[in-house]
Structure formats: C-alpha cells, structure tokens
Amino acid sequence: MKLAARRGVAAGAVLGILAGQLVVNFARAELVYANSLPHYYLPFAYGERHTVSQGNGGSFSHTGIAQYAWDFAGDAFGVRAAREGTVTAIQQSYGVGGCLASYHPNYVVVSSIEDDGTEHDELYLHIAHNSVTVSLNQSVTRGSILAVSDSSGYVCPDPPQGQTCPPTCPAAHLHFMVMNPSGCAPAPWWCQSVASSFLDSNVLAQDTNGVPLVNQSVTSSNVVMPHCNVPTLSGQPAAPQNAHTSVTFSVTFPGGNSSCPNPNYHFWIQPPGGAWQSAQPYSATAIYTWPQDWRASPGPWHVEVDVRDASETWSYDTTSWIAYQLNGCSAASMTVNPPSPQLNANQVTVTGASTCPGTPTYQFWRQAPGSGWQIVQDYSTANVYTWAALFGPVGTHTLQVYARDQGATDSYEVASTPVSYQLSVTPCGTPSLYGSPASPGGTGNAILFTASTSGCPNPMYRFWVQAPGGSWVIEQDYTFSNTFDWGTWNSPGTQAAATYKIEVDVVDAAERTSYDAVANINYVLIGCTSASLGTSPTSPATKGSTILLTGSASCLGTPQYRFWIKSPGGAWVMVRDYDTNANYGWVSPSTAGTYGVEVDVRDQGGSASYETTTWINFVLT
Amino acid sequence: MRGWGGRSGWSVILVVVVASVTGCGRVTEGAGTTSPTPQQSAMPSGTSSPSASPTSTQWPVYSDATYHFSVSYPTGFTFQTEHGDPASGLVQAFRTFDPIYLNTYPPGQIEIAIYARDATTTAEWITKHSAPASSTDPKRYWSPVSNETSVTIAGTSGVSFDWVPDTWTTPVHSTAVLLGTGYVLVLQWWSKDPAYESTLKADYSQMASDLQV
C-alpha cells in the first residue's frame with residue numbers, strides 16, 4: 001500500500017515501516033500501513049460505533065467463502081463505502097429477513113482497485129429494502145452513503161413472536177467482506193472473501209493489524225462525509241394568514257449543523273389538494289419567499305425543505321415540512337337577473353357571493369362581444385353590479401366577479417366561474433321625419449325637425465343635411481333626441497334660400513350597426529324678395545336736410561333692412577345695419593351732388609349677407 | 001429437548017427414522033407409485049395456531065385454517081410462524097427447530113414456505129421462479145434447482161428438488177406441492193452440520209408423511 005503517498009503524508013512523518021505492522025504517528029493523526037492486506041475504513045459514518053457480532057472465521061456463517069467477513073450489529077444505520085470504487089451489483093428488491101433459508105438478502109457490491117492494481121469487490125449485505133442510494137456503474141468515493149443497514153435475507157434470531165423485521169430486527173447487521181471477484185459461487189456477487197483490514201484509528205488501537213474481533217466495538221474514522229442535520233422550517237409571519245399574505249419561509253438548525261459545512265436547500269410546496277412541486281431548486285439560500293401567484297389559494301398548504309451539503313449529489317440528507325394554512329375568500333359565485341338570454345333588456349342585476357374570513361369585497365368584470373375584459377365595478381363591499389344593458393352591445397357578454405377580503409391588496413382571492421350572457425334587441429322600424437314649420441320655410445324661421453320610429457326599445461337618432469350641390473353632413477350625431485333644431489346647424493352658409501335634403505337614421509342604443517332604417521325629406525328655404533326703396537322727400541332735396549328712407553320687401557318671416565349711402569365719387573358706406581325697422585332717417589350731408597342710396601333686405605335669422613336689394617340715385621341741391 | 005448434539009436419544013430416534021423412511025414414509029419418488037393410505041391424525045379444525053394434538057407418532061400437529069394444511073413436527077421442537085415477503089410472493093412461512101437455537105443460528109431446521117401460485121403445475125412453478133443469482137427479480141426463489149424429481153406427497157403429486165441459497169454452500173432439500181388453486185407449499189430441510197443431517201432428514205420425512213393438504 002502507498003497510503004502515505006495517497007494521503008499526502010510527508011515522508012518525514014512516517015515513524016517507521018515494519019513488515020506486517022502498522023506504524024501510527026498519533027501526534028499528527030497520520031497512518032501508514034505496512035502489511036500486505038487490502039485496507040479499508042469501517043463501512044459506517046465517521047464517529048459511529050458498532051459492535052462486531054461475528055468476525056472473521058465466525059462459527060455461525062463466516063466460514064468458507066465468507067471466512068473473512070465481519071458483521072457489524074445495528075439496524076438502520078447508513079452504510080458507507082469503505083473504499084472508493086464503482087458500484088457493480090445492486091439487489092434491493094427483497095422485503096424482509098429472518099431465520100429462514102427462503103429469505104433472500106439485499107446487497108450492494110463496489111469494485112475497487114488497490115494501489116497495486118488488484119481488483120477487489122466489497123460486499124455490503126443484508127441492507128434494507130429499496131434503501132440503495134447509488135446506481136449501477138456509479139463511482140463512489142470513500143464514505144459515500146450506499147444504503148441503510150437492516151436484516152434482509154437469512155439472519156438469526158428472529159424478531160420476537162408477533163413482530164416483524166423491520167422494525168424489530170434483533171439480528172440486524174451489516175455483513176461486510178472484501179472479495180476476490182474471480183472466485184464467485186454460486187452467485188456472481190458472492191465471491192471468495194480475502195483477508196483485509198481497517199485503517200480506522202479505533203480499530204488499530206484495539207488490534208494493530210486492523211482486524212476487529214467478535215464482540216469488539218469499533219468506531220469509524222471513515223471520511224467525514226458531510227451530513228446535514230434535521231432542519232426546522234418556519235414561516236414568517238406564522239400561520240394562519242390570509243391568502244396573498246407575503247410569507248417567507250426560513251430554515252434553522254436548532255441542533256446545530258456543524259457536519260454540513262455548505263448546506264443547500266431545496267424548497268417544495270404543495271397547494272391545497274395538489275401535488276408537491278419544486279418551488280426553489282437547491283441553492284445556498286435558506287429562505288424561500290412565497291411568490292404572489294403561489295399563495296392566492298386559501299387552504300392547507302404544505303412547504304418542505306430538503307437539505308444536503310453542496311458536495312452531495314443525492315436527493316437529500318434530511319428534510320422537514322410544515323403545514324401552512326392560508327385563509328381567504330372562497331367559493332365565489334355569481335347570479336344574474338334576469339337570466340340570459342334576454343331580448344330588449346334595459347338593466348341586468350349581477351350579484352356576487354363569497355365566503356371570506358372577514359368582510360368580502362367584490363370586483364365585477366365584463367367582457368363585451370369582440371372586446372377585452374373590463375372592470376365594470378371596482379372593489380367595494382357592494383355585491384351587486386347593475387348593468388345598463390340597454391347600451392348593449394348585442395351579442396354574448398361574459399361576466400365574472402372577483403372576491404377578496406376587505407383590506408387585501410392583491411388582485412383577488414377567489415374568482416367566480418365566468419358566466420355568459422346573451423343580449424339581443426328588436427331593431428328600429430322605418431322612421432318618420434317632418435319639419436316644423438312645414439316646407440317651405442323662411443330663411444329666418446326656427447325650423448325643428450322631428451323623427452319617430454317604433455319597435456326598438458331605446459331608439460337613437462342621427463340627422464344629416466345636404467345643401468344644394470354639397471355633400472351630406474352629419475349635423476346631429478346619434479342621441480336619444482328625436483328632434484333636430486335647424487338653428488343648431490354648424491355648417492356656414494347652409495341657411496341660404498334653397499332646397500335642402502334632410503335625413504334621419506335610427507338605431508337602437510344596444511346596437512353597433514350604422515343604422516336600422518333611414519328617412520329623407522326635402523325642405524325648401526325661401527328668403528326675402530322684391531326689395532323696394534322709398535324716400536321722403538323725394539329727390540332732389542336740399543342738402544343738409546333729413547331724408548326718410550323706407551325699405552320694403554316680400555318675406556315669409558320678419559324682414560330686416562340695412563341702408564347704404566354712396567357719396568359722389570366715393571364708396572358705399574353702411575349707415576345702418578340690419579334692423580327690423582324699415583325706416584332710416586338719413587341726415588344728408590351739406591355737399592350737393594348725386595348720392596347713391598341702397599337698402600338690403602333679409603329674413604330675420606337668415607345667415608345670408610342679403611336676400612334682396614335695390615338702390616336709387618338721390619340728388620342734393 | 002432434542003438437541004442435535006444430544007447423543008443419548010439417538011438410538012431411539014434412529015429406530016423411528018428407519019421405520020419412517022422404510023415403512024411409513026409418504027414421500028415416494030418416481031411415477032407409478034401407489035398412493036399411500038392417509039394417516040389418521042387428530043387435528044383441530046378452524047385454527048391456525050400450533051396445537052399439541054398427538055399423531056400416530058405422538059408428534060404435535062400444526063393445522064393452518066388459512067392455507068388449509070396440517071403438519072406434524074418433532075416433539076420438543078419449536079414450531080414458529082414466520083412472516084411473508086409481499087415483494088416476492090412468499091405469503092407465509094414457518095420453521096420448526098430445536099428451541100436451544102431460538103436466539104442464534106441453528107445448525108439446521110425444517111421450514112415450510114407458502115407461496116402464491118402462479119403456474120399450472122408444480123414443475124412449471126419451480127421453473128418460473130428459478131433464475132441465476134445475478135437476477136434482481138424479487139420473484140426469483142432459487143437458482144436453477146438440482147435433483148428435481150416427481151414425488152407423491154400428502155396424497156398428491158409434488159416435486160422434490162435441491163437448491164443452494166445464494167450465500168450458502170449447504171443445499172436445501174425441498175418438496176413442493178400445490179395447495180389448492182391459490183398457493184404452493186414447500187416443505188424443506190437443511191443442515192449445515194453433517195452430524196445433524198440424519199436427524200433432520202428423518203424428521204423431515206416424518207413431517208412429509210404426516211402432511212395433509
């Protein structure tokens with residue numbers, strides 16, 4: 001063996017090498033083995049102590065092939081690799097053991113290469129059913145946990161009458177032996193044992209050859225494999241809490257964790273009635289914060305943490321779990337009145353219900369046909385949402401109510417099942433349309449158009465006007481008003497005397513179509529005509545005198561008059577703007593000459609500059 | 001006590017063994033053997049607990065109401081119920097042995113194992129559950145058997161055979177017989193001490209002779 005070299009012991013630390021003897025430098029805890037036996041470490045954890053219940057050559061069963069075997073008494077202790085190697089055989093299917101030839105044993109075989117190139121197999125026998133933590137062909141380091149000890153196969157004595165092994169296994173032990181793989185019979189994993197020894201200091205202290213004897217208790221010096229202690233998992237704040245509460249789970253080790261230098265944590269979570277799910281994979285983070293969307297459901301949750309050292313690859317060393325109760329609203333439901341489908345519905349009452357630990361609040365959602373979801377009534381303690389269904393739109397709506405405890409801040413704790421609601425409406429019939437006063441009307445008249453339709457429950461009206469030679473213009477978009485006042489027109493110059501086309505479209509408020517029906521009429525606007533202008537005195541008149549100008553015209557409404565004067569060689573000057581007074585007293589200038597006098601006439605309310613006009617020459621002398 | 005090393009009782013036992021094997025033995029090998037007349041023995045009914053009802057050989061009899069068989073066992077021996085292994089199909093087991101070995105490994109003993117029946121014949125069943133020791137099938141009961149021989153036991157056809165447990169060099173001598181439609185009963189003995197073999201073999205023969213299924 002070249003143990004000193006493998007363990008890096010400086011040559012100077014070796015006290016001496018004697019044939020067949022071990023030399024120990026206890027001061028430096030360094031070991032050098034000089035005999036020719038294959039060397040191993042006890043197949044259980046560092047610091048563990050087990051009694052040799054049968055040693056090499058034991059009369060019970062350690063003869064022949066098993067001549068060099070040891071039985072280490074004990075049940076349910078971790079079986080650890082006595083040397084590095086490769087797993088070459090596994091049997092863990094058998095369930096029980098006892099003092100009966102028909103019981104078959106479970107085992108693991110690890111194949112190792114000695115420093116001199118010799119291959120040896122190590123047999124770990126009587127291990128527990130389905131306890132193997134390694135797989136075939138896996139390389140294992142010394143100290144790796146392989147399985148759990150038990151008493152599978154033929155082991156005596158039996159458990160007490162009426163009891164079974166496991167859990168009562170008085171004969172439980174680990175049968176360990178080093179084998180020559182070329183001498184196997186009858187099973188390929190049951191091979192001729194060879195003499196071997198242990199390097200554990202406690203073994204060597206009892207037997208310098210490293211071969212423990214029956215009834216000796218031996219303590220393992222096998223590799224100090226990390227092993228994490230059982231953690232305590234706790235949630236902060238402590239359960240129970242309302243759903244959506246931010247909760248942080250943390251891990252502590254009340255009993256210490258010194259043998260686990262680099263603990264890693266794997267958090268799992270189990271929703272109420274659901275399956276365990278990995279929540280946070282292995283990392284050095286000993287804290288797990290419950291994501292918001294994972295804590296929305298009230299009920300009994302479970303959270304587990306698996307712990308292992310960063311150097312370990314198996315599932316876990318230890319594990320701990322806790323239950324965490326989330327309280328919150330549950331059983332959200334919704335009723336709708338009147339029920340779907342509805343024709344010509346004006347109002348629909350949606351009522352939510354839920355069971356909450358505190359005061360429930362409700363938020364109502366509706367998705368209109370072809371649209372996205374919208375909050376139609378935000379959270380409040382009101383559990384009723386009154387939907388003005390008269391505005392539709394017709395088609396299939398979807399309604400849903402969210403519920404949460406009053407004071408909760410997350411989006412919801414429970415949601416009702418969405419409910420479809422079918423709205424339909426009777427379309428509007430062909431409308432009637434008339435003007436008041438009836439056509440023809442004066443340009444200054446206040447003309448009111450009135451439409452009427454039937455069939456639809458909530459008709460809306462839209463009015464169009466087309467001036468001569470112009471385009472159709474919406475003068476009054478859809479409203480519930482069925483009248484259109486000409487005076488509200490917005491289009492300049494469209495109140496001139498002419499023949500106009502007027503249209504009304506009708507549609508129900510619940511519809512999103514352009515119109516159900518239309519009606520058109522012509523309406524004639526007539527302005528003032530046949531303007532005339534009289535003077536008193538008549539021309540010629542004395543300069544500086546006051547001349548009474550009197551206009552007249554033919555109008556459907558009330559005429560308005562505007563007077564202009566043009567001086568000789570000058571421009572026209574308005575001397576009085578439109579007024580219903582047909583007379584104007586012109587104080588003539590003191591300059592003699594021929595003056596132009598004009599009167600413009602239009603209907604009061606008309607928008608034209610003038611509708612009729614006339615002028616005369618007036619001579620001042 | 002019938003300690004296997006107790007020399008004082010051997011001459012008497014030997015007489016019984018000889019008588020049993022040559023005259024009263026009910027394990028008859030080979031085809032065409034005339035079935036023996038059933039041996040009358042007093043057996044309690046409706047109980048699965050060992051009883052001490054004497055047989056013609058004055059051995060106590062164990063009757064099992066669950067699996068419907070009865071068997072005698074040597075006077076002074078402990079008859080112990082063992083547990084089954086659900087993973088393997090071994091539903092129930094028993095062993096009888098000298099009680100001085102109650103708390104240790106016996107040098108030999110006689111065992112009864114009740115397995116779930118999953119084959120038409122005993123021979124098929126034995127073959128079905130034979131596989132190399134490298135097999136990880138929990139329903140492998142033995143490596144390929146040897147000395148397989150048709151026998152008549154308990155008035156019905158059975159098969160005797162030998163097999164060696166994986167970690168043993170000592171053979172186990174077994175006889176399998178169908179136990180109704182649902183089970184197979186295996187009566188077997190073994191001895192790791194040559195000096196104990198003749199004793200156990202004789203006891204086994206008597207038990208086989210007294211077996212009723």
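**View 1. Thr612(A) in strand E49 of chain A.** Thr612(A) belongs to strand E49, which covers residues 612-620 of chain A, where a strand (E) is a DSSP run of at least two residues, numbered from the N terminus. The model shown is predicted, so local features need pLDDT of at least 70 and side-chain atom pairs count only at pLDDT 80 or more, while totals for chains, interfaces and linings use all residues. Residues are numbered from 1 along each chain as its sequence is written, and chains are lettered from A and ligands numbered from 1 in the order in which they are written.

**View 2. The surroundings of Thr612(A).** Thr612(A) is buried because 22 other C-beta atoms lie within 10 Å; the term buried requires 20 or more such atoms within 10 Å of the residue's own C-beta atom, placed from the backbone. Leaving aside residues up to four places away in sequence, Thr612(A) touches several residues, among them Cys528(A), Ala553(A) and Val601(A), where contact requires C-beta atoms, placed from the backbone, within 7 Å. Although Cys528(A) is 84 residues from Thr612(A) along the chain, their C-alpha atoms are separated by 6.1 Å.

**View 3. Strand E25 of chain A and its pairing with E19 and E24.** Strand E25 (residues 318-327) pairs in the parallel sense with strand E19 (residues 241-242) of chain A over two bridges, pairing being assigned if DSSP finds at least two bridges between two strands. In this pairing, Asn242(A) stands opposite Asn327(A) of E25(A). Strand E24 (residues 299-309) of chain A pairs with E25(A) in the antiparallel sense over nine bridges, and Val303(A) has Ile322(A) in E25(A) as its bridge partner.

Terms used
Helix = DSSP H or I, 4+ residues; strand = E, 2+ residues; numbered from the N terminus. Buried ≥ 20, exposed ≤ 12 C-beta atoms within 10 Å, placed from the backbone. Contact = placed C-beta atoms within 7 Å.
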